[in-house]
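Open the structure in your viewer and keep the selection tool at hand. Each stop below says what to select and what is there.

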Amino acid sequence: MRKGTVRTRSVTVLALLASCAAVLGWGGPSGAAPLAAAQGGTAPQAVQQGQQGQQGQRGEQGQQGEQAQQDQAAPCDVYKSVPPSSEDGPAVKAIKAKRSLVIGVDQNSYRWGARNPNTGQIEGFDIDLARAIGTAIIGDPDKVVLKPVATADRIDAINLGRVDLIVRTMTISCDRMEKVAFSKPYFNITQRVLVPRSSPAKSIDEAINGKTVCAANGSTARTVLDARKTAKQIVPVENHLDCLVLMQLGKVDATMTDDGLAASQAAQDQTVRVVDGEVQPEVIGVAMLKTSPDLTARVNQVLADYYTSGAWRSSYERWLKPYMLNEADHYWPGSAAH
């Protein structure tokens with residue numbers, strides 16, 4: 001296999017050793033602001049107390065309304081998650097009671113999660129992580145079920161109970177954080193654009209402006225393309241690999257996806273290449289139900305252990321390092337600032 005030609009800009013990340021300390025120092029959410037005090041009037045005591053109560057209530061409501069507006073206006077923190085814990089809460093106990101843990105994965109993304117035609121097994125960087133999480137939680141690797149899930153179906157698969165977790169190059173975003181819970185991030189990415197080698201495009205703008213561009217439904221790439229509004233047509237597909245097939249058939253001019261998947265597709269098929277430039281630094285994490293904070297805490301503990309043990313690095317070097325020229329951009333995204 002040839003090395004990928006992906007060139008990445010620096011994304012704000014900590015060096016490898018500093019990241020370990022950051023993982024061990026994860027914090028929880030901050031407390032709420034105090035309520036406003038009531039103000040008194042000049043009426044008799046009984047009336048005055050009533051006025052004070054009404055004014056205090058209005059003060060509380062006003063402050064809560066202002067806080068809600070501020071919260072709505074402020075961007076979310078994609079690094080925010082519950083603190084790690086090795087304790088068994090109700091969600092973890094329920095998983096152990098049913099004696100299986102179902103993890104939604106990809107089976108079509110080379111080097112991340114793809115089915116090996118020789119063994120029939122799904123393998124890749126995300127698959128190593130999924131197996132490690134599943135084994136740590138349920139205690140028996142034979143009881144970890146890897147279930148292929150389409151890109152567009154990831155959130156529904158969680159909320160409808162078809163899977164317990166999603167480990168599938170899933171970008172953490174404000175919109176998604178409203179629908180599912182996320183672990184702490186475990187990988188840094190950006191959005192990139194693939195084109196056929198015959199394409200004259202040298203930049204993202206040249207590759208997508210006025211062109212027919214492919215992106216997976218439910219992906220961050222689709223959101224970015226919709227926001228840019230410069231493509232002539234956006235062709236939606238269920239899985240990222242479908243875009244590669246459409247490019248091979250000459251049905252689309254370009255594909256937008258994250259740089260990890262772009263690198264793997266360029267390595268998989270030497271008739272395509274990644275153009276210069278990137279969009280929107282991001283992080284990816286493990287997704288699960290919002291109503292299971294104990295499961296999120298357990299996953300965060302497994303992620304911390306997975307990194308500090310060297311397993312994250314070993315898997316990265318086996319599956320992804322050969323195709324990432326500026327590998328420092330893809331280190332574990334822990335940071336003391338988060």
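Select Cys76 first: Cys76 is partly exposed, with a relative accessible area of 29%. Partly exposed is the range between buried, under 20% relative accessible area, and exposed, over 50%, using a 1.4 Å probe and protein chains only. Before going on, note that this is a predicted model, in which local features need pLDDT of at least 70 and side-chain atom pairs count only at pLDDT 80 or more, while totals for chains, interfaces and linings use all residues. Residues are numbered from 1 along each chain as its sequence is written, and side-chain values use heavy atoms, with hydrogens and water left out.

**Stop 1: the disulfides**

How many disulfides does the structure hold? There are two disulfides, a disulfide being a pair of cysteine sulfur atoms within 2.5 Å.

A disulfide joins Cys76 to Cys174, with 2.1 Å from S to S. Cys76 sits in the loop between α2 (45–73) and α3 (90–98), and Cys174 in helix α6 (residues 174–177), so the pair ties together parts that are 98 residues apart in sequence. The helix and strand labels come from DSSP runs, numbered from the N terminus: helices are H or I runs of at least four residues, and strands are E runs of at least two. Why is the disulfide of Cys76 and Cys174 left-handed? The torsion about its S-S bond is about -95 degrees, so it is left-handed. Cys174 is partly exposed, at a relative accessible area of 36%.

Now select Cys214 and Cys243. A disulfide joins Cys214 to Cys243, again with an S to S distance of 2.1 Å. This link is left-handed, with -80 degrees about the S-S bond. Cys214 belongs to strand β9 (residues 212–216) and Cys243 to helix α9 (residues 240–248), 29 residues apart, so to speak distant parts of the chain that the pair links. Are these two cysteines buried or exposed? Cys214 counts as buried, at 0% relative accessibility, and Cys243 is buried as well, with a relative accessible area of 1%. With bonded cysteines counted along the chain, the disulfides follow the pattern 1-2, 3-4.

**Stop 2**

Select β1 (101–105). Five of its five residues are buried. Leu101, Ile103 and Val105 point one way from β1, and Val102 and Gly104 point the other way. In a regular strand the side chains alternate between the two faces of the sheet.

Next, show β5 (144–148). β1 and β5 pair in the parallel sense over five bridges, and two strands count as paired if DSSP finds at least two bridges between them. The bridge partner of Val105 in β5 is Pro148. Then show strand β6 (residues 165–166), which runs parallel to β1 and is joined to β1 by two bridges. Gly104 has Ile166 as its bridge partner in β6.

**Stop 3: a three-stranded sheet**

Select β2, β3 and β4. These three strands form an open sheet in the order β2-β3-β4, with antiparallel pairing. Which are the edge strands? They are β2 (108–109) and β4 (122–123), and each pairs on one side only. β2 pairs with strand β3 (residues 113–115) in the antiparallel sense over two bridges.

**Stop 4: the nonpolar cores**

Select Ile133 and Phe187. Of the 42 residues in the largest nonpolar core, these two touch the most other members. A nonpolar core is a set of buried Ala, Val, Leu, Ile, Met, Phe, Trp, Tyr and Cys residues joined through side-chain atoms within 4.5 Å. Elements that each supply at least two residues of this core include α4 (125–138), β8 (187–196) and α11 (293–308). Which element gives the most to this core? It is α4, with seven residues. Another core, of 16 residues, lies apart from it; Val195, Ala221, Val224 and Val279 are among its members. In soluble globular proteins, nonpolar side chains tend to be buried together.

**Stop 5**

Select Asp126, which is in helix α4. Asp126 is buried yet has no salt bridge, a salt bridge being a side-chain nitrogen of Lys or Arg within 4 Å of a carboxyl oxygen of Asp or Glu. The nearest side chain of opposite charge is Arg168, 7.6 Å away; Lys and Arg count as positive and Asp and Glu as negative, while His and the chain ends are not counted.

Finally, select Ser183, in the loop between β7 (181–182) and β8. Ser183 is buried, with a relative accessible area of 0%.
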